[in-house]
Each structure stands twice: as C-alpha cells, then as structure tokens.
Amino acid sequence: MTGLRYVYAVCRPFGAALQSQLTGVAGAPPKLLHHGDLVAVVSAVPEGEFAEEPLRAHLEDGEWLTATARAHQGVIDALTTVTTPLPLRLATVFRDDSGVRTMLEAREGDFRRTLDRLEGRVEWGVKVYVESAPEETAENEPPPGTAVPGRDRLRRRAGEHEDGPRQAEEYAARLHEKLAAHAEDSRLHAPQNPALAGPSERNVLNSAYLVPRVQSEEFVEIVDRTKGEAPGIRVELTGPWAAYSFAGEKP
C-alpha cells in the first residue's frame with residue numbers, strides 16, 4: 001500500500017467482513033492494520049493532497065472538506081454495523097504503517113479503556129426545534145385609530161415572542177431528563193447554528209445519548225412518543241452512530 005496512511009478509527013479485532021465495494025477518503029478501500037489486540041482502520045491517501053502543507057490548505061476548502069467528511073463517515077458507518085469503532089478525528093494522517101503502529105502503542109491504554117466502555121453501545125442524537133415567532137401582522141394589530149400605549153404594545157409583543165421559546169426550552173429540558181434516564185451517558189452540545197436550523201426554527205436542544213445497542217428500539221420509541229406533544233415544536237432523532245460524543249473522557 002503506497003501513499004500516506006489515513007486513519008478512520010481504532011477497534012478490537014472482528015471477524016465480519018466490510019462491504020466489498022466500500023471506498024474511503026480519496027477513493028481507496030479501507031484496510032485493517034493489526035497491532036496486538038487493537039486494529040486501526042486505514043487507507044492510502046496521496047501525499048500531494050494529504051501532506052502537511054496541502055492538507056492545511058484543503059481544510060480551508062469547504063467543498064473538499066465536505067467530500068472528505070462524507071467519505072470518512074461512510075467508513076465509520078460501515079464499521080458500526082460490524083463492530084464498535086472508536087472514531088478518530090477527521091484527517092488523521094501518518095507517514096506509513098509504522099507511524100500508525102507507533103500511535104497505537106503510545107495510546108494503547110486509553111484506546112483499550114474507551115473501547116471497553118463503548119463496547120456494544122451506540123450514539124443517538126436528539127434535537128428540539130421551536131418555530132420562530134412570526135412577525136406581527138395586520139390582523140394582530142388593533143383597529144385603525146385605536147390608541148395603544150407604547151408600554152402595553154411592547155409588553156404584548158414581548159409576551160408573544162418569548163412564550164414560545166420559553167415553553168420549548170422547558171419541554172426540551174423535560175425530554176432530556178427522560179432520555180438521559182434511559183441512557184448510560186449523555187452530552188448536551190451547543191445549540192445548532194441558526195443558519196443550519198433554518199430561518200423559521202430555533203434549536204433549543206442539541207444532545208447525544210449513549211445507549212446499549214440492544215436497548216435502541218426502546219429508546220427510539222420513547223422519542224417517537226414525544227413527537228407532536230407540543231404545538232410549534234419539532235423533535236429530530238438521528239442515529240445510531242458510532243459514539244463520537246463519548247470517545248473522550250467525560251467532561
């Protein structure tokens with residue numbers, strides 16, 4: 001295998017075969033590099049694209065970054081169907097197999113402990129969105145010629161614009177508490193960027209849950225039962241994923 005080594009994940013040895021047509025970053029198929037009781041999942045990538053200087057430039061290229069992240073995630077998803085992978089950071093690159101093995105040896109204890117903690121578990125993501133308060137329209141206004149004190153007008157508008165988000169945040173807090181009780185661990189991430197959530201919605205919960213794979217069906221049912229409970233609120237469930245949010249030590 002020529003070229004630099006791109007590392008997707010570390011896992012325990014497993015017997016199941018990866019998809020025969022699976023390709024990774026730069027179109028190369030992933031391979032398994034064994035070192036003791038650990039396996040690094042790697043593929044060859046060209047130096048002209050992944051050496052230090054060109055890689056630094058590419059990481060500023062949104063189109064390249066999106067394509068690379070998609071290929072990286074494709075390999076992680078394939079691994080998740082056959083084993084419990086410990087995903088590494090996007091664009092983790094080494095000179096050769098020896099460099100990968102050196103990394104495995106240096107971090108062997110941490111990798112083993114984390115893989116033991118994550119074995120048989122997957123990550124589910126839950127987001128809660130609230131509809132943005134619509135602009136006040138003419139039908140909300142008092143009849144022409146009716147005097148409305150400025151303070152009352154401001155109070156009425158503030159109430160209309162604040163009640164929805166406040167109720168959504170309370171709903172999200174209750175939902176998180178319920179889901180966390182059915183998970184082994186949970187993480188609260190920063191709310192999603194408004195530009196990604198869309199102009200008509202605001203993200204009030206962005207959370208991840210570590211769930212035993214065998215209990216995933218029950219977890220999904222809990223989320224599904226909450227959908228539609230509150231008007232103007234949307235619940236989004238994603239997964240199962242490799243446990244990205246739980247790959248490090250608990251904060």
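Biologist: Which residue of β8 stands opposite D185?

Modeller: In this predicted model, D185 stands opposite L210 of β8. Residues are numbered from 1 along each chain as its sequence is written, and side-chain values use heavy atoms, without hydrogens or water. Local features require pLDDT of at least 70 and side-chain atom pairs pLDDT 80 or more, whereas totals for chains, interfaces and linings use all residues.

Biologist: What is the basis for describing strand β8 as mostly covered?

Modeller: A residue is buried under 20% relative accessible area, exposed over 50% and partly exposed in between (1.4 Å probe, protein chains only). Strand β8 spans residues 201-212, and eleven of its twelve residues are buried.

Biologist: How many aromatic pairs does the structure hold?

Modeller: There are four.

Biologist: Why is the pair of Y6 and Y8 called tilted?

Modeller: Rings of Phe, Tyr and Trp (its six-membered ring) pair if their centres lie within 6.5 Å; planes under 30 degrees apart are stacked, over 60 edge-to-face, and the rest tilted. The ring centres of Y6 and Y8 are 4.8 Å apart and their planes stand at 50°, so this pair is tilted. Both Y6 and Y8 are buried.

Biologist: Why does the pair of F50 and W64 also count as tilted?

Modeller: For F50 and W64, the ring centres lie 5.5 Å apart with the planes at 50°, so the pair is tilted. This pair links distant parts of the chain, 14 residues apart: F50 belongs to helix α1 (residues 47-50) and W64 to helix α3 (residues 62-80).

Biologist: Why is F50 counted as buried, and why is W64?

Modeller: F50 has a relative accessibility of 2%, and therefore counts as buried. W64 has 10% relative accessibility, so W64 counts as buried as well.

Biologist: Which residues form one aromatic cluster?

Modeller: Y6, Y8, F50 and W64 form one such cluster.

Terms used. Helix = DSSP H or I, 4+ residues; strand = E, 2+ residues; numbered from the N terminus. Pairing = 2+ DSSP bridges.
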